[in-house]
Amino acid sequence: MNLILEGLLKAFWLIVSFDREVYEIMFLSLRVSGVAVLIGALLGVPSGATVGLKEFLGKRFLVSIVNTFMGLPPVVVGLLVYLLLSTSGPLGVFQLLYTPEAMIIAQLIMVIPIVMGVTISSVSSVSKGIREKALSLGATDWQMTLKVLEEARLGISTALIVSFGAAISEVGAVMIVGGNIRWATRVLTTAIVFETELGEFGLAIALGSILLLLAFMINWVLTYLQWSGLRR
Amino acid sequence: MEWVEKVTPLIETLDLSKSYDQAEALKNINMKVDRGEVLAVVGPSGSGKTTLLRLMNLLEMPTAGKIFFDGRDTACSDADRVALRRRMGMVFQQAVLFNETVYENVAYPLKIRAFSERKRDFNVRDTLKLVGLSGFEKKRATALSGGEAQRVALAQAMVFEPELLLLDEPTVNLDPRNVSTIESVILKVNRERGTTILISTHNMLQAEQLAARVAVLRDGELAEIGGAKEIFRKPSDFLASFGRVLNVFTGRCQLGPEGTAIIDIGGGVKIEALTTKIGSITVFIRPEEIIVSKSPIVSSARNMLKGKVEEILDLDQSVQLKVDAGRLFTVNITKRSFQEMKIDLGSDICLSFKASSVYVM
């Protein structure tokens, strides 16, 4: 109990004293996961909408693949990206291993199936009536797709919240491809693992509570936007 | 008459057929809808009304045959079909609205047509006023009643001033007040804007009130097409079987002393008609051809019945009464007469109608 209290006090102190290392770690966490979710949304929402709205051969198979990948273990993703980016790997020439970019790539691979999967299901749940209504009122295919996305906005924003939560709290992949290098690729989760192993429980708890606080704040803002967007 | 031939119909079908899997929904439909007319498509459910309207709205492709819109073959590129579709509005049987405000719903067709902000605002407010929903702008469409939702759907289909309005049983399941609002809006846009209207319905009374011409669909085939008056004066058994014809009675017909036919329709009610048919017979009397009075009147009407008012239905412009005169009769009177005669539930009134108003089916 003492340990936890001590950790919380330390966390408070690290935050109010603007501890440079803690803030650097925090910002890197935010940057890596934020960029991964942003790119993931740019790729996952349009592709998910296309899959959700179009009928084609093998659609069911593709959807089940996407759904399976939604639960991809981060460690496995880390391993895969590591093999791709390592010097002898196919993408080794870019020398990305142990950089924030490698971490973004790894998280992106995790995020895309989540965004895509939730987008597919929320776009498909928009009734056929809505699609026909838009077309009947004179919408082009493109305008109809935008309308369906608008109708599915609750589901899609949920996808973004969920994937951001998964990305920022994930440790396996960023540990493998980032290497937890101090001042370079250390993020909140890898730092917690590291400090715990060193027995620095106070610092670990401090970083843990910062992570929780951050996740809470971001979810709160996104949920607020989601609701105000619905009520408009 | 020659010049008439040269006017292109707004929409025309040529041997139009549509099948779903094995079932044939429409078979060889040939019909023309002229600019500015109101045409009612009547038929029981499953007769192909919805399919016909969906094909005309270019939401589906025909299995065989063609549809011409303003003389243009609609079997064209997707972009051209969108351009043609933008010249018509459709109201579906079940109102589907977007999950946003009433204003945004009605503005949507204008937004995708890139109307200017000012024109958009003007048209939306004007159209909402037309359907009696001024003040509903900020309401969420999902919070509306069925009748209000259907009026919003009608506003969406009219707001861009289409040349053709396709209405698929727009008033089914609505209460009389909403029905009459929608009916009067339909007549108004036809008269004032010259909008061509194609309305499907299984309510003959509605078809007759709104349309000059009627097409009857039966099992996907065009059974009859022609002037509403001609078709409804002597409805076929088929039409009467689904058409919600009021005051339909079956009874035995005998020749009376003066050569007129006396029909015993049960409940102690005998009515006079002009027919030479004897034996079992089915007749109907149109509600608006029955004269209502507080006390017996002297007139040329051969039939006079006394009854009690059982039910009063406010139809906005008129009042519909159900009167028990041995058998239950439905009559329509104007609001003014209703008020002047001080009719209440249980009032004793007289019903008069001519022998020639009794139509034999």
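Two residues are taken to be in contact if their C-beta atoms, placed from the backbone, lie within 7 Å. The model is a predicted one. By that contact rule, 14 residues of chain A are in contact with 15 residues of chain B. On the side of chain A that touches chain B, helix H6 (128-136) and helix H7 (141-151) of chain A each supply at least two residues. H6(A) gives the largest share of that side, six residues. Sorted by kind, the residues of the side of chain A that touches chain B are four nonpolar, five polar and five charged.

The next details are in chain B and concern the backbone angle phi. B:Asp21 lies in the loop between strand S1 (11-20) and strand S2 (23-33) of chain B. The phi of B:Asp21 is near 50 degrees, which is a positive value in a residue other than glycine. Is this residue, B:Asp21, buried or exposed? B:Asp21 is exposed because it has 4 other C-beta atoms within 10 Å.

B:Asp70 sits in the loop between strand S4 (64-69) and strand S5 (72-73) of chain B. Here the count of neighbours falls between the limits: a residue is buried at 20 or more such atoms, exposed at 12 or fewer, and partly exposed in between. B:Asp70 has 15 other C-beta atoms within 10 Å and is therefore partly exposed.

Terms used:
Residues numbered from 1 in each chain as written. Chains lettered and ligands numbered in written order. Predicted model: local features only at pLDDT ≥ 70, side-chain atom pairs only at ≥ 80, totals over all residues. Helix = DSSP H or I, 4+ residues; strand = E, 2+ residues; numbered from the N terminus. Nonpolar A, V, L, I, M, F, W, Y, C, P; charged D, E, K, R; others polar.
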